Amino acid sequence: MNPPTSDRDYWEERARLHGSRAAGYHDDAMNAYEDRLRRSALARLVARGNGRELLDAGCGSGRWSVFFAEAGWVVTGADISQELIRLATPATGVTYIASAIQDLDLPGGRFDAWLSVTALQHITSPAEFDATLDNVTRMLRPGGMAAFLEYSPLVLVGTMPGYLRARTRGQWIDVMTSRGYVKRAESGVRFLGHGPYIIAVRLLRRFGIKAEALNFLRSACWRLDLALARLPLITRLADVRLLTFEKPR
């Protein structure tokens with residue numbers, strides 16, 4: 001599927017078709033599998049907020065904004081889709097703004113951290129991608145944390161859909177260090193378990209069998225990926241990873 005005339009049009013159309021699930025996988029099996037892995041990675045690498053301010057850049061319907069608010073952060077969630085912001089989950093400690101990240105006009109140095117969960121990879125214009133990173137960097141205080149969870153394999157293989165601008169791990173690190181950031185931590189998110197589980201789900205669907213029949217396999221695949229995420233060096237084999245950087249003081 002190719003994007004329409006703009007990224008905004010693409011996300012508004014997804015929101016119209018899939019509602020609040022548009023910002024993630026609308027496939028139940030895929031969403032359930034990835035959600036646990038992402039929560040585990042974010043919980044490991046991002047500390048409790050204790051009242052500090054966080055920008056959730058590309059917040060969608062607010063899943064991760066709420067997650068971080070519950071961990072004590074004061075969250076501003078911003079998304080390019082007005083419909084997704086309308087559908088966003090209300091929560092104490094969360095303020096939502098309908099805006100492309102590159103257009104956010106908030107004070108410089110306001111945030112203690114900014115976060116992107118599979119949002120930056122969906123900015124299809126190179127100029128808008130650069131403007132987005134420059135703007136979130138402007139809004140981050142010196143010594144603040146930047147974290148993003150994105151598709152970032154060691155090597156890109158195959159053709160990517162038009163709504164995704166894929167980058168390798170090295171390319172993601174380059175776009176951050178070229179802006180002065182220092183890499184502080186890295187965690188793999190998705191490894192070997194994802195493939196067998198999703199293949200099994202699709203095979204069962206062909207025969208009209210519900211994916212719930214694979215709960216045991218899903219648990220086993222989860223355990224495999226969660227264990228691999230904690231092994232030094234093995235984390236680099238992940239195709240989805242969480243990278244954390246610090247803005248110099």
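## Salt bridges

R38 forms a salt bridge with E34, with 3.2 Å between the closest N and O atoms. This is a predicted model. R38 and E34 sit 4 residues apart in helix α2, so about one helical turn separates them. In general, an α-helix has 3.6 residues a turn, so residues three or four places apart point the same way. Both R38 and E34 are buried.

E53 pairs with R110 in another salt bridge, and here the closest N and O atoms are 3.1 Å apart. E53 belongs to strand β1, while R110 is in the loop between β3 (94-98) and β4, so the pair ties together parts 57 residues apart in sequence. E53 is partly exposed, at 23% relative accessible area. R110 is also partly exposed, at 32%.

R179 and D130 meet through their side chains in a salt bridge of 3.2 Å, N to O. R179 is in the loop between α6 (169-177) and β6 (182-190), and D130 is in helix α5, so this pair ties together parts 49 residues apart in sequence. R179 has a relative accessible area of 23%, which makes the residue partly exposed. D130 is partly exposed too, at 35%.

Shared partners join R169, K183, E186 and R241 into one network of salt bridges. The model's salt-bridge count comes to 13.

## A buried glutamate without a salt bridge

E150 lies in strand β5, which covers residues 140-151. E150 is buried but has no salt bridge. The nearest side chain of opposite charge belongs to R167, 7.2 Å away. A salt bridge needs a side-chain nitrogen of Lys or Arg within 4 Å of a carboxyl oxygen, so R167 does not qualify as a partner.

What does the side chain of E150 reach instead? Backbone nitrogens: that of A119 lies 3.3 Å from a polar atom of the E150 side chain. The backbone nitrogen of Q121 is likewise reached at 3.3 Å.

T118 lies in the loop between β4 (111-117) and α5 (126-139). Its relative accessibility is 14%, so T118 counts as buried.

N50 also has a positive phi without being a glycine, at about 50 degrees. N50 is found in the loop between α2 (28-45) and β1 (53-57). Is N50 buried or exposed? N50 is exposed, with a relative accessible area of 67%.

## Helix α8

Helix α8 runs over residues 215-228 and has 14 residues. From first C-alpha to last, α8 reaches 20 Å, close to the 20 Å expected at 1.5 Å a residue. Its buried residues are R218, C221, W222, D225, L226 and L228. Seen down the helix axis, these buried residues fall within an arc of 160 degrees, so they line one face of α8.

The face turned away from the buried side carries exposed residues. They are F216 and R223.

Methods
Residues numbered from 1 in each chain as written. Predicted model: local features only at pLDDT ≥ 70, side-chain atom pairs only at ≥ 80, totals over all residues. Heavy atoms only, no water. Helix = DSSP H or I, 4+ residues; strand = E, 2+ residues; numbered from the N terminus. Buried < 20%, exposed > 50% of the residue type's maximum accessible area, 1.4 Å probe, protein only. Lys, Arg positive; Asp, Glu negative; His and termini not counted. Polar contact = N/O pair within 3.5 Å; in protein donor to acceptor, adjacent residues only side chain to side chain. Expected span 1.5 Å × (residues − 1). Arc of directions from axis to C-beta.
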